[in-house]
Amino acid sequence: MRQLGIIRNPYVLRGLTAVVIVGLLGLAVWIGYAWYQSRLPASYNAMDYGVMDYGGGAPQNHAEHPHVRVDALTGPQRGTPDVRVTLTAEQAEIRLDSGRTVEAWSFDGQVPGPELRIRQGDLVEATLVNKDIDEGVTIHWHGVDVPNAEDGVAGVTQNAVMPGRRHTYRFRADQVGTFWYHSHQASSEQVRRGLYGALVIVPRKPPAAGTLDLATIVHDLGGRPALGHSDEVQRRAVEPGTPVRLRLVNSNDSPERFVLSGTPFRVVGIDGTDVNGPTPVEGQAIQVGGGARYDLAFDMPDSAVRLGVVGSDAALSLSADGRTDPPEAEAGPDFDPAGYGRPAPTPFDDVRFDRSFELKIGKSFGFLDGRPGRHWSINGRIFPDTPMYVVRPGDLVTMRIVNDTNAVHPMHLHGHHALVLSRNGRPVTGSPWWVDTLNVLANEEYEIAFRATNPGLWMDHCHNLVHAGDGLTMHVVYEGAWTPFELGDGAGNHPE
Ligand code: C2O
Ligand code: CU
């Protein structure tokens, strides 16, 4: 009672009110400041933001020593290319097998764009022409660890190529495997609308004669999953005994599950790296994360084989007469690469790592470019205050990726392949599991490792491109690298 008496005292009451008002004002000022601070300028440099993270290695003063321009880190400028290709970005009306039409953005009037087949070691010269995509386009060679200037990221490694303009990429195809290419300007919109295609690098030594080697991309066209350009069953006559390799690419934002029925098969490649000692798999579905690739191989049996996508009519049906459809199989449990195949030495056996980074995906309250809400965050911070991981050439690097959300995040590091060391604290057994796009499921935790052997400024982002556009974007920068390009409306560059 005595306390109440004090509060009723007019002087104390007034004092309390004043304190509350000042507190609220302070809060309003603080929120206003956070809002103001979060707004991105019309144009800015990728290096102006980001939380410098040295991962326990030697720090550096970036402002003082940036001396390597990323646009100087080109592929071979001399030499006659072994492969010369021109890809024209243009609007096109696409007709699917079902007869439906889609207003698409395409390369060469096709969706997917032309499949590029390259032999290992070839020097590639690819010219991108923009016919009529108003916001500009680029080409990123997803999974190919090209030199930085050839990486095709608008506002980071080049300017978006505007209508009527062109840009030439040159690189040597050193890897072997399944890759894809896509625009990296406004990519969440442009990939969805059709600016992508398959890129296959085959070994110099040709595979067994008569091998059927098919790449197929799953993508929602007009709101329904299609395989390649078809939203229906594609039938094909295949002689029994034919060695078959199916290269599965997922260009959607979310994971897709493939079911291959009618034969046991082997998982022979993941993200453009061969699996060591693959063993037969049967009755398991292959979950392919957004942006990821899986290669499956088998010898064609006498009976029919079917490759389907769970939840869609799109399928590939292979049979001796090209007409028989095998029964549709139930999707089994998901194939797990973490214990598949035979172990082999890796560059990270018994080494001391030079840097170890943390990449913790969460959700935080705050402002994203002035928009209040609960946004994606990395290590508790919202874009553009996401990490700028600093490395030095030659560094051995580990990264712990923690997904503290209920969403799937296919994490994609440009310019490097990473070895998966462990998942949820348990080491990977089986074949070395190399990735460029790691499908991190809800609440999973991974440890990966990579060698810093490709200088430049590299994007590292979620390949659910909508998430990337909503701030799940960060960078790996090599000491001394800097970009002359700018991001934002003023510069016309929007990689996400
Ligand atoms: Cu396939 Cu940065 O992307
Ligand atoms: Cu994501």
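What volume does the second largest cavity have? The legends below take up this question together with other close-up views of the structure, which is a predicted model.

**View 1. The second largest cavity and the residues that line it.** The second largest cavity has a volume of about 70 Å³. Its lining is made up of Ile270, Thr273, Asp274, Val275, Pro337, Tyr340, Ser431, Pro432, Trp433 and Trp434. Sorted by class, the lining of the second largest cavity holds seven nonpolar residues, two polar residues and one charged residue.

**View 2. The largest cavity, with a volume of about 90 Å³.** Two cavities of 30 Å³ or more are counted in the model. The lining of the largest cavity comprises 13 residues, and those nearest its centre are Met411, Leu413, Ala418, Asp436 and Ile448. Strands β25 (396-403) and β26 (409-413) are the elements that each give two or more residues to this lining. Nine residues of the lining of the largest cavity are nonpolar, while two are polar and two are charged.

**View 3. The largest pocket, which holds about 540 Å³ of space.** The lining of the largest pocket consists of 31 residues, with Leu40, Tyr44, Phe383, His494 and Glu496 lying nearest the centre of the pocket. At least two lining residues come from each of β24 (387-391), α4 (465-469) and β33 (473-478), and β33 gives the most, with three residues. By class, the lining of the largest pocket has 16 nonpolar, 10 polar and five charged residues.

**View 4. An open sheet of four strands with mixed pairing.** The strands of this sheet follow the order β4-β3-β6-β8. Its edges are formed by β4 (101-107) and β8 (166-172), each of which pairs on one side only, and the twist from one strand to the next averages 25°. Strand β6 (residues 123-130) runs antiparallel to β8 and is joined to it by seven bridges. Within this pair of strands, Val124 stands opposite Phe171 of β8.

Terms used:
Residues numbered from 1 in each chain as written. Chains lettered and ligands numbered in written order. Predicted model: local features only at pLDDT ≥ 70, side-chain atom pairs only at ≥ 80, totals over all residues. Heavy atoms only, no water. Pairing = 2+ DSSP bridges. Axes fitted to C-alpha atoms, helices over the stretch in contact; angles between N-to-C directions. 1 Å grid on protein atoms, 1.4 Å probe; cavity = no way out; pocket = protein on both sides within 12 Å on 5 of 7 lines; lining within 4 Å. Points joined across faces, edges and corners; volume = space filled by probe spheres on them. Nonpolar A, V, L, I, M, F, W, Y, C, P; charged D, E, K, R; others polar.
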